[in-house]
Amino acid sequence: MSTTPEDLLNLAQNLSEKSKESYWRCAVSRGYYAAFHSCLKISPDSIRKAHVNVHEKLIEWMRSGRDSEDENKLLLAEIGLELDQLRKKRVKADYRLQEFFHQGDTKVSVLKSFKIINIINHLASKGIQGLR
């Protein structure tokens, strides 16, 4: 049985409700990866098949439309910015254990993951893939 981005997001939601910082950190990480894998679904093959720097390449590709007139590219650029913010939160959650992690920040991150996945699913339902 395969795991879906929605499965990871549901896990993140459940972890964000727990009462320990270690759960909150895991919630941010799972939420980020849920959003990341969702975004990866509509990315070009060159990004999906990359073996290094996939996260950076995905975000860079998403953000590349920020100067476009195309509404879908602008939306994707906005979501790319939010994915990058989630990635930075995930780095803090996974690597900066000496820094306190707030449950409120966790809940905001999980909500942002929900938003990203919903928008990506909407774009995918319109047949948008690769946008090039």
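**View 1. Aromatic pairs in the predicted model.** The count of aromatic pairs comes to 3. Rings of Phe, Tyr and Trp (its six-membered ring) pair if their centres lie within 6.5 Å; planes under 30 degrees apart count as stacked, over 60 as edge-to-face and the rest as tilted. The Tyr 32 and Tyr 33 rings have centres 5.1 Å apart and planes at 70 degrees, so this pair is edge-to-face. Tyr 33 and Phe 36 are also an edge-to-face pair, at 6.2 Å centre to centre with 85 degrees between the planes. This is a predicted model: local features need pLDDT of at least 70, side-chain atom pairs count only at pLDDT 80 or more, and totals for chains, interfaces and linings use all residues. Residues are numbered from 1 along each chain as its sequence is written, and side-chain values use heavy atoms, with hydrogens and water left out.

**View 2. The aromatic cluster of Tyr 32, Tyr 33 and Phe 36.** These three residues form one aromatic cluster. Tyr 33 and Phe 36 both lie in helix 2, 3 residues apart, about one turn of the helix. Helices are DSSP runs (H or I, at least four residues), numbered from the N terminus. Tyr 32 is buried, at 0% relative accessible area. Phe 36 is buried too, at 4%. Buried means under 20% relative accessible area (1.4 Å probe, protein chains only).

**View 3. The buried face of helix 4.** Helix 4 spans residues 54–63, and its buried residues are Val 54, Leu 58, Ile 59, Trp 61 and Met 62. Down the helix axis they fall within an arc of 160 degrees, so they line one face of helix 4. The arc is that of the directions from the helix axis to the C-beta atoms. These residues pack against helix 2 (21–41), helix 3 (45–48), helix 5 (71–95) and helix 6 (103–125).

**View 4. Helix 2 against helix 4.** The two axes come within 11 Å and cross at roughly 60 degrees. That makes helix 2 oblique to helix 4. Oblique covers what remains after roughly parallel (under 35 degrees), roughly antiparallel (over 145) and roughly perpendicular (65 to 115). Axes are lines fitted to C-alpha atoms, for helices over the stretch in contact; angles run from 0 to 180 degrees between N-to-C directions. Contact means heavy atoms within 4.5 Å. Helix 2 contributes Tyr 32, Tyr 33, Phe 36, Cys 39 and Leu 40; helix 4 contributes Val 54, His 55, Leu 58 and Met 62.

**View 5. Helix 2 against helix 5.** Here the angle is about 145 degrees, with the axes 9 Å apart.

Definitions and conventions: Buried < 20%, exposed > 50% of the residue type's maximum accessible area, 1.4 Å probe, protein only. Helix = DSSP H or I, 4+ residues; strand = E, 2+ residues; numbered from the N terminus.
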